[in-house]
Amino acid sequence: MERNYYSLPKLTEKEEVLEVLKNGTYEEIMILPLSLGEFFPDWKFAQNTCLKLAEHEDPAIRANAILGLAYIARNKRILEKKLVKPVILRELKENTDYQWRIQDAIDDIATFLKWKIVNV
């Protein structure tokens, strides 16, 4: 598998994010949750967008959505546990191709938010 590294776009406006969701390329959608977690000022909008992307048909995008949640936990120190935890646990169980990435995200969320989430 070839790894590609990109500078994350600094999306700070909802309209920019909605445009990527509507018309973005695969690569733009793939890195969107990471950009949201790193730069987006509204943690709740970022969280809800990551949760939406966690429902995507592509398992890599779903895994990055979970990683985006971990970025929010690290940078904003907040997530809504009752919304986020069930999605994370579902992906840990069902997204076996990217289980390692999801587990890394779980470890980060547990560290930054002091949540107890099951480990593999």
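Among contacts in the protein between residues at least 6 apart in sequence, 65% join residues at least 24 apart, where contact means heavy atoms within 4.5 Å. The model is a predicted one, in which local features need pLDDT of at least 70 and side-chain atom pairs count only at pLDDT 80 or more, while totals for chains, interfaces and linings use all residues. Residues are numbered from 1 along each chain as its sequence is written, and side-chain values use heavy atoms, with hydrogens and water left out.

The protein has six helices and zero strands, and its elements run α-α-α-α-α-α from the N terminus on. The radius of gyration is 13 Å, close to the 14 Å that the globule rule gives for 120 residues, so the protein is as compact as a globular protein of that length. This radius is taken over C-alpha atoms, and the globule rule is 2.2 Å times the number of residues to the power 0.38. Helices (H or I, at least four residues) and strands (E, at least two) are DSSP runs, numbered from the N terminus. Taken along the principal axes, the box filled by the C-alpha atoms is roughly 35 × 30 × 25 Å. Of the 120 residues, 44% are buried; here buried means under 20% relative accessible area, exposed over 50%, and partly exposed in between (1.4 Å probe, protein chains only).

Two packed helices are described by the angle between their axes and the distance between the axes. Axes are lines fitted to C-alpha atoms, for helices over the stretch in contact, and angles run from 0 to 180 degrees between N-to-C directions.

The pair to begin with is helix α2 (residues 26–39) and helix α3 (residues 43–53), whose axes come within 9 Å and cross at roughly 150°. That angle makes α2 roughly antiparallel to α3, given that angles under 35 degrees count as roughly parallel, over 145 as roughly antiparallel, 65 to 115 as roughly perpendicular and the rest as oblique. The crossing of α2 past α3 is left-handed. A crossing is left-handed if the near helix is turned anticlockwise from the far one by less than a right angle, and right-handed if clockwise. On the α2 side the contact is made by I29, L32, P33 and L36, and on the α3 side by A46, T49, C50 and L53. By class, this contact of α2 with α3 has seven nonpolar residues, one polar and no charged ones. Ala, Val, Leu, Ile, Met, Phe, Trp, Tyr, Cys and Pro count as nonpolar, Asp, Glu, Lys and Arg as charged, and the others, Gly among them, as polar.

The axes of α4 and α6 come within 8 Å and cross at roughly 15°. These two helices are therefore roughly parallel to each other. Again, α4 passes α6 in a left-handed crossing. From α4, the contact draws on A60, A63, N64, I66, L67, L69, A70, A73 and R74, and from α6 on R101, I102, A105, D108, I109, F112 and L113. The residues of this contact of α4 with α6 divide into 12 nonpolar, one polar and three charged.

A105 lies in helix α6 (residues 99–113) and is buried, with a relative accessible area of 0%. Not counting residues up to four places away in sequence, A105 touches I66, L67 and A70.

In helix α3, Q47 counts as buried at 0% relative accessibility. Leaving aside neighbours within four places in sequence, Q47 is in contact with L69, I72, L79, E80, L83 and V84. In helix α2, G37 counts as buried at 1% relative accessibility. G37 touches G68, Y71, I72 and N75, not counting residues up to four places away in sequence. G37 and K76 are 39 residues apart in sequence and 8.3 Å apart in space, C-alpha to C-alpha.

R77, found in the loop between α4 (59–76) and α5 (81–94), has a positive phi of about 60° although it is not a glycine. K114, in the segment after α6, also has a positive phi, near 60°, in a residue other than glycine. K114 is exposed, with a relative accessible area of 69%.
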